[in-house]
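Trainee: Can we go through this one together? I would like to start with the overall picture and then move to details.

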Amino acid sequence: MIEVSALRRRYGGSGRDGYEAVRGVDFSVGQGEIFALLGTNGAGKTSTVEVLEGLAAPSAGEVRVLGRDPFKERAQVRPHTGIMLQEAGFSNDLTVAETARMWAGCTGRPAPISEVLGTVRLNERADVRVKQLSGGERRRLDLALALTTRPRVLFLDEPTTGMDPQARQDTWQVVRRLREDGVTILLTTHYLEEAEALADRLAIMHRGRITVMGTPAEVMAAHPARIRFRLPEGLDPAWLPLPGPVDVFDGNVEAQTGNLQQSLTDLLLWAREAGVELPGLDARSASLEQVFLAMAEEAA
Ligand SMILES: Nc1ncnc2c1ncn2[C@@H]1O[C@H](COP(=O)(O)OP(=O)(O)OP(=O)(O)O)[C@@H](O)[C@H]1O
């Protein structure tokens, strides 16, 4: 449904005043898949997504959406895509229903307004003026408008910014239902738990390149897990059967391991035989947040 190959995007001229925001990016997204694009600020996510949305041409490389060039064949591609931009240009004095109706008027074969507003649970706010909506409600209206085309491919640029935890969960449910209906979704987000909760696959971008890509489980498994506990009194950390590196700080032990199950088994068997208690024992796989921070640190 989406194919990106050797994509580059440059702003300005080819000289020193120009800037290459996307520097050779490859990925593809299959039908009914949610693909999340993550990255540091200015990594090139929006610059990439804008090309896929048909808003800009690539400087080099190729992109295909529904098998077509989204920029040159915009008239064929756009009716099947839905786009939720980072910031919407609503008219503040229109009501929610008027906004949806106006948008439907710009769309060939629009879905009924009550359907799209119902999907994001804004039906009860239909007669409220846009300027009276909360930040989270405005994002939901934006999502409703993106669904007006009943899209086969949906682009969501930071869809839950400004939402409270409940609204965010509700929006995730909407996104999951769309996936069940076979909609292909490209999501950019700064919320790592959002990518973890929604994405079938994800890519992390840094300075115009993809540095990590895979399922959330694959991406996290490539990063060491952590075991922590308070150091029992009188115990020399060198006796611990832990793979390195082991940090001891302020009476707390923290070890990293590429094989959590094995390391934990070794540690617990040793503790039982030695009659040692490990207070505050905590073992966990790497989170997406750790992977992200480690990547940013390494790159810096
Ligand atoms: N119109 C433009 N002209 C020149 N440079 C631009 C333009 N738009 C973006 N850039 C630069 O390109 C780089 C990538 O920007 P982009 O908005 O794609 O990043 P992003 O990953 O979406 O960032 P964020 O997470 O902060 O939204 C940034 O350094 C930005 O300053």
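This is a predicted model: local features need pLDDT of at least 70, side-chain atom pairs count only at pLDDT 80 or more; totals for chains, interfaces and linings use all residues.

Trainee: Okay. How many helices and strands does the protein chain have?

Mentor: The protein chain has 10 helices and 13 strands.

Trainee: And what does the C-alpha trace span along its principal axes?

Mentor: About 75 × 50 × 35 Å.

Trainee: What percentage of the residues count as buried?

Mentor: Of the 300 residues in the protein chain, 34% count as buried. Now look at contacts between residues at least 6 apart in sequence. There, 68% join residues at least 24 apart.

Trainee: What does UniProt list for residues 2-232?

Mentor: The unreviewed UniProt entry lists "domain: ABC transporter" there. Over residues 2-232, the chain is 30% helix and 28% strand.

Trainee: Switching to the ligand. Which residues are around it?

Mentor: Start with Tyr11, Tyr19 and Ala21, which are among them. The list also includes Gly39, and then the run Asn41, Gly42, Ala43, Gly44, Lys45, Thr46 and Ser47.

Trainee: How do the shell residues divide into nonpolar, polar and charged?

Mentor: The shell has 4 nonpolar residues, 6 polar and 1 charged.

Trainee: Which elements each supply at least two residues of that shell?

Mentor: Strand S2 (19-29) and helix H1 (45-52). H1 gives the most, with 3 residues.

Trainee: Stay on H1. Is it mostly covered or mostly uncovered?

Mentor: Mostly covered: 8 of its 8 residues are buried. They are Lys45, Thr46, Ser47, Thr48, Val49, Glu50, Val51 and Leu52.

Trainee: What comes just after H1?

Mentor: Glycine 54 is there, with a positive phi of about 85 degrees.

Trainee: Let's do strands. How many bridges join S1 to S2?

Mentor: There are 8, and the two strands run antiparallel.

Trainee: What about the open sheet of 4 strands? Which order do they come in?

Mentor: The order is S11-S12-S10-S13, and the pairing is antiparallel.

Trainee: Why is one side of S11 and of S13 left without a neighbour?

Mentor: Strand S11 (246-249) and strand S13 (282-284) stand at the edges of the sheet, each with a single partner strand, so one side of each has no neighbour. The twist averages 15 degrees from one strand to the next.

Trainee: How many bridges join S11 to S12?

Mentor: S11 and strand S12 (residues 252-257) are joined by 4 bridges. Valine 246 has alanine 255 in S12 as its bridge partner.

Trainee: Which helix lies across S10, S12 and S13?

Mentor: Helix H9 (residues 260-274). H9 runs at about 25 degrees to S10, which is strand 225-230.

Trainee: New topic: phi. What do most residues other than glycine have?

Mentor: Most have a negative phi. Arginine 150 has a positive one, near 45 degrees. Arginine 207 also has a positive phi near 45 degrees.

Trainee: Where are they? Arginine 150 lies in the loop between which helix and strand?

Mentor: Arginine 150 sits between helix H5 (135-146) and strand S6 (153-157). Arginine 207 is in the loop between strand S8 (201-206) and strand S9 (209-214).

Trainee: Why does arginine 150 count as partly exposed?

Mentor: Because it has 16 C-beta neighbours inside 10 Å, and a residue needs 20 or more to be buried, or 12 or fewer to be exposed. Arginine 207 is partly exposed too, with 15 other C-beta atoms within 10 Å.

Trainee: Last one, glycine 105. Where is its place?

Mentor: Glycine 105 is in helix H3 (residues 96-105). Glycine 105 counts as exposed because it has 9 C-beta neighbours inside 10 Å.

Trainee: What separates the C-alpha atoms of glycine 105 and valine 253?

Mentor: They are separated by 63 Å, and the two residues are 148 residues apart along the chain.

Conventions
Residues are numbered from 1 along each chain as its sequence is written. UniProt positions are given in the numbering used here, feature names are shortened, and annotations may be inferred rather than shown by experiment. A residue is near a molecule or strand if its C-beta atom, placed from the backbone, lies within 6 Å of it. Ala, Val, Leu, Ile, Met, Phe, Trp, Tyr, Cys and Pro count as nonpolar, Asp, Glu, Lys and Arg as charged, and the others, Gly among them, as polar. Two residues are in contact if their C-beta atoms, placed from the backbone, lie within 7 Å. Two strands pair if DSSP finds at least two bridges between them. Axes are lines fitted to C-alpha atoms, for helices over the stretch in contact, and angles run from 0 to 180 degrees between N-to-C directions.
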